[in-house]
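Hi,

Here is the structure I said I would pass on. Have a look at it first, and then read on for what turned up in it.

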Amino acid sequence: MQTDSSRHDWQLKEVLNLYQLPFNDLLFKAHTVLRAHHNPNKVQISTLLSIKTGSCSEDCAYCPQSGHYDTDIEPERLLSLEEVEQSALAAKASGASRFCMGAAWRNPSDKHLDHVVEMVKIVKKIGLETCVTLGMLKQKQAVRLKAAGLDYYNHNLDTSPEFYGSVITTRTYQDRLDTLEHVRSADINVCCGGILGMGESRNDRAGLLLQLACLPQHPESVPINMLVQIPGTPLQGVEKLDPFEFIRTIAIARIMLPKSYVRLSAGRETMNDQTQALCFFAGANSIFYGETLLTAKNPAMNKDQDLLACLGIEADQIASEHNAAIEAESANATVN
Ligand code: SAM
Ligand code: DTB
Ligand code: SF4
């Protein structure tokens with residue numbers, strides 16, 4: 001089913017051809033697409049909170065929270081509603097428009113979901129957009145989250161189907177596609193992306209983008225993470241990805257997913273300002289803001305403020321506020 005004018009029929013060869021364009025040609029193309037669909041001087045800002053940390057039963061080879069590896073993470077119980085409320089208020093005060101709560105679960109139990117539903121209601125009441133990432137989700141659970149007011153569900157494909165088996169063995173690619181389908185059919189916005197720098201080939205990076213762009217409806221939000229190498233995980237010490245290859249991948253994501261918000265996600269802490277600026281030029285228009293991601297470091301808030309100010313980039317308004325402002329403007333114009 002094709003629901004908009006964007007393409008959903010990309011071929012691997014076409015994507016590889018984009019990778020082979022001269023860097024300036026690729027960035028020009030991507031930046032033109034960015035300008036056609038988005039304000040190039042605005043970024044959407046999300047803040048993360050880990051609501052349940054560590055001891056996860058899955059074996060994702062990149063993850064500090066997997067119980068399979070000996071990392072420095074101290075497992076924590078599910079946070080209380082009060083703790084979530086305090087963090088969400090702080091995120092709102094710092095200028096975030098979306099609050100994303102992550103849990104180190106293979107999937108939520110229905111009892112856990114009761115608690116998350118209450119968290120979503122609290123965050124919504126504060127006036128933030130809500131996002132959760134809880135692992136695999138059943139259709140009925142997605143419907144419950146939607147009824148609570150959930151705006152986005154994050155569930156990543158992580159990499160190409162071909163490379164996937166060397167990163168995760170405890171759940172399949174199809175399991176992930178099924179969860180995405182449950183989220184979509186509950187009418188929740190989809191946040192889905194992946195990780196670069198795990199030792200995958202260019203074909204795998206292209207393969208991930210191909211999967212995202214060939215979904216029946218493009219994800220509204222596409223987080224592109226650069227692997228944060230965590231001591232104790234199998235991917236610690238893997239060869240680092242060339243920043244130009246990372247920027248190219250952001251540019252190609254922008255071209256293939258023209259209307260989506262492409263988020264420059266984990267890994268910014270070790271990226272220099274110039275690399276991030278090129279990512280914004282190439283089409284990234286969203287970031288995670290706040291000193292920690294779920295457990296790993298993110299740039300200090302004042303450092304991000306300085307970078308955005310230096311580039312003349314502003315925080316985007318919440319979509320609903322943005323629409324209300326446009327309505328108010330047109331009402332004014334009618335009165336005058
Ligand atoms: N447990 C849930 C799941 O995996 O679906 C939700 C939380 S999980 C931490 C969310 C995403 O964070 C993963 O799919 C992965 O893409 C990203 N992630 C985890 N560890 C990472 C790392 N070390 N570097 C970059 N991204 C990472
Ligand atoms: C996503 O794609 N990246 C975020 C969010 N979705 C949940 C998480 C990054 C996690 C990095 C490792 C950590 O902080 O534990
Ligand atoms: Fe668990 Fe999610 Fe980490 Fe995988 S990425 S080990 S499912 S917390």
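Before the ligands, one term: a cavity here is a set of grid points, worked out over the protein atoms alone, where a 1.4 Å probe fits but cannot get out. A molecule sits in one if more than half of its atoms lie within 2 Å of its grid points. By that test, ligand 1 sits in the largest cavity. Keep in mind as you go that this is a predicted model.

Ligand 1

There are 18 residues around ligand 1, and the ones that come nearest are Tyr62, Thr133, Asn156, Asp158 and Val228. Sorted by class, that shell has 11 nonpolar, five polar and two charged residues.

From a side chain, an N or O atom of Asp158 is 2.7 Å from an oxygen atom of ligand 1. On its own ligand 1 has 560 Å² of accessible area, and the protein covers 91% of that.

Where is Asp158 found? In the loop between strand E4 (152-154) and helix H6 (161-164). Most residues other than glycine have a negative phi. Asp158 has a relative accessible area of 2%, so it counts as buried, the cut-off being under 20%.

Ligand 2

The space taken by ligand 2 is again the largest cavity. Around ligand 2 you will find Leu48, Pro64, Thr133, Asn154, Asn156, Pro223, Asn225, Phe288, Leu293, Leu294, Thr295 and Ala296. How many of the residues in this shell are charged? None: the shell has seven nonpolar and five polar residues, and no charged ones.

An N or O atom in the side chain of Asn154 is 3.2 Å from a nitrogen atom of the ligand, while in Asn156 a side-chain N or O atom is 2.8 Å from one of the ligand's oxygen atoms. Ala296 contributes from its backbone, with an N or O atom 2.8 Å from an oxygen atom of ligand 2. The protein covers 89% of the 400 Å² of accessible area that ligand 2 has on its own.

Ligand 3

The largest cavity comes up here too, as the space taken by ligand 3. Its surroundings are Cys56, Glu58, Cys60, Tyr62, Cys63, Ser66, Ala104, Trp105 and Arg171. By class, that makes six nonpolar, one polar and two charged residues.

Two serines

Ser55 lies in the loop between strand E1 (42-52) and helix H3 (81-93). Its phi is near 55°, a positive value in a residue other than glycine.

Cheers

Technical notes
Residues numbered from 1 in each chain as written. Chains lettered and ligands numbered in written order. Predicted model: local features only at pLDDT ≥ 70, side-chain atom pairs only at ≥ 80, totals over all residues. Heavy atoms only, no water. Near = heavy atom within 4 Å. 1 Å grid on protein atoms, 1.4 Å probe; cavity = no way out; pocket = protein on both sides within 12 Å on 5 of 7 lines; lining within 4 Å. Nonpolar A, V, L, I, M, F, W, Y, C, P; charged D, E, K, R; others polar. Polar contact = N/O pair within 3.5 Å; in protein donor to acceptor, adjacent residues only side chain to side chain. Areas by Shrake-Rupley, 256 points an atom, 1.4 Å probe, with all protein chains shown as cover. Helix = DSSP H or I, 4+ residues; strand = E, 2+ residues; numbered from the N terminus. Buried < 20%, exposed > 50% of the residue type's maximum accessible area, 1.4 Å probe, protein only.
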